[in-house]
Amino acid sequence: MELRWPLRAKPLCLCLACALPQVGLADLVDDSHLSLNIKNLYLNRNYTQHDAPASKAGNWSQGFDLQFESGYTDTPVAVGLDLDGQYAVRLDATGNDGSLPYSRHRQKTSDDYSRGGATLKFKYAKSVLKVGDQRPFYPVASNDPSRQLDTLYQGAVIESRDIDKLTLVGGRFWSIVTRESSNHERLYRYGTSDSQDSDGLDFAGATYALTPDLQGSYFHGVLNDIYKQDYAGIKHTLRFADGYQLKTDIGYFNNQEDGAARSGPVDNRAYYGLVSVEKSGHTVGVVYQRMTGDTVFPTLNGYVPQLWLPNWGSIPFLRPDERSWSLRYGYNFAALGVPGLKLFTRYTRGTDVDRGAGLDRDQESERDIMLNYVVQSGPLKDLAFDLKNIHTQQKYGADYDEYRLITSYTWKFW
């Protein structure tokens, strides 16, 4: 079973060392790290509209994420090897909430699932090339940690910080393991058939920090023969002498079909602006987000979230012509002498959704309340609790109330 691979991390790392020149190999092992993240997820969703096809869906599951990260050899081109293994077991489940593998034929959630892999890495100066399993966080491809097991990509990515203040990244992903699967599959556009898949996602991007408080980013990605995507964004923090901070996040996406357009036309532009004010633990923010074009904002199979869109939630607010705004408030209780406790609330409303020719426009809303606490000291130090309540309403769609409770802890072996 894949989960066992990283348990032999040091022997495997030593095997790699034997295959390399015997120069500075101690760092490969001595600088290594092994950790196990233990996550318990409870999700309960109750559908509240009168014609709901099911009254509820949810699951209770236990997951394990074992990560081995090696050091690097002391060679001109430093070499390392990372290993990963994940396993989750279903404790209880009702229907399909998108968290665990689900058989529509048997109408049943799997008892358990697992995956495992490796990442070979090369380092020269401040540039790192990784080949194998990846958990990226880019506008064109992002990890999804919202449920039990994370999304994993397989590919080759190089990231360089050799130029001061500039981060360059580029590469290709050729497969994905979605959050509710054990298997690598080729990439395709969410909402279409897996027979309309792509040879891979090629991308490149740059982020430049003009100052510590001002940075700009540009990314270009091509899901070959399906869609191409451009992203540009600016983030800025303005600090005042009395402790106030004004943060601004502005971004723009341009999405069009590519090549053979195997999944059909893609015609979407999206732009957003987020402005927030912080002071003494309080954060108040407002967001405006706009979709233009004839199609929905494209995302990858597995319902991978587009976390660069600030109104993304349980409802993504990315349908054709949709205009959405949100108000948000957060509080860090460290300001009251309770470090580790944080509150975040948000209300988002979307209008003018184009449902197609001859159909009335849709509108939708979501209210989120999130409470997070991390134990700060004692034998339970770093034990984390995340409680979330979600309430959604749609004029033409699903209404539901949902609770999620996640308890997690990372055990660091060395």
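Predicted model: local features only at pLDDT ≥ 70, side-chain atom pairs only at ≥ 80, totals over all residues.
Sorted by class, the lining of the largest cavity consists of 11 nonpolar and 4 polar residues, with no charged residues.

## The second largest pocket

The second largest pocket holds about 650 Å³ of space. There are 27 residues in its lining, and those closest to its centre are Asp82, Lys130, Asp133, Gln134 and Arg135. By class, the lining of this pocket has 10 nonpolar, 7 polar and 10 charged residues, whereas the lining of the largest cavity has no charged residues.

Several strands contribute to the pocket: at least two lining residues each come from β1 (33-47), β2 (56-69), β3 (78-94), β6 (112-124), β7 (127-134), β8 (137-138) and β10 (152-160).

Tyr252, Tyr271, Val275, Val286, Tyr288, Trp325, Leu327 and Tyr347 together make a nonpolar surface patch of about 690 Å². At least two residues of the patch are supplied by each of the strands β16 (267-279), β17 (282-292) and β18 (323-332).

Val286, one of the residues of this patch, lies in strand β17. Why does Val286 count as partly exposed? The relative accessibility of Val286 is 40%, and Val286 therefore counts as partly exposed, since that class covers values between the limit for buried, under 20%, and the limit for exposed, over 50%.

## Positive phi angles in two loops

Most residues other than glycine have a negative phi. Against that background, Ala261, although not a glycine, has a positive phi of about 50°. Ala261 is placed in the loop between β15 (245-257) and β16, and because its relative accessible area is 22%, Ala261 is partly exposed.

Asp321 is likewise not a glycine, and has a positive phi of about 70°. The place of Asp321 is in the loop between β17 and β18, two strands that each supply at least two residues of the nonpolar patch.

Conventions
Residues numbered from 1 in each chain as written. Heavy atoms only, no water. 1 Å grid on protein atoms, 1.4 Å probe; cavity = no way out; pocket = protein on both sides within 12 Å on 5 of 7 lines; lining within 4 Å. Points joined across faces, edges and corners; volume = space filled by probe spheres on them. Helix = DSSP H or I, 4+ residues; strand = E, 2+ residues; numbered from the N terminus. Nonpolar A, V, L, I, M, F, W, Y, C, P; charged D, E, K, R; others polar. Patch = residues over 30% accessible without salt bridge, like charges linked within 9 Å, V, L, I, M, F, W, Y side chains within 5 Å. Areas by Shrake-Rupley, 256 points an atom, 1.4 Å probe, with all protein chains shown as cover. Salt bridge = Lys/Arg side-chain N within 4 Å of Asp/Glu carboxyl O. Buried < 20%, exposed > 50% of the residue type's maximum accessible area, 1.4 Å probe, protein only.
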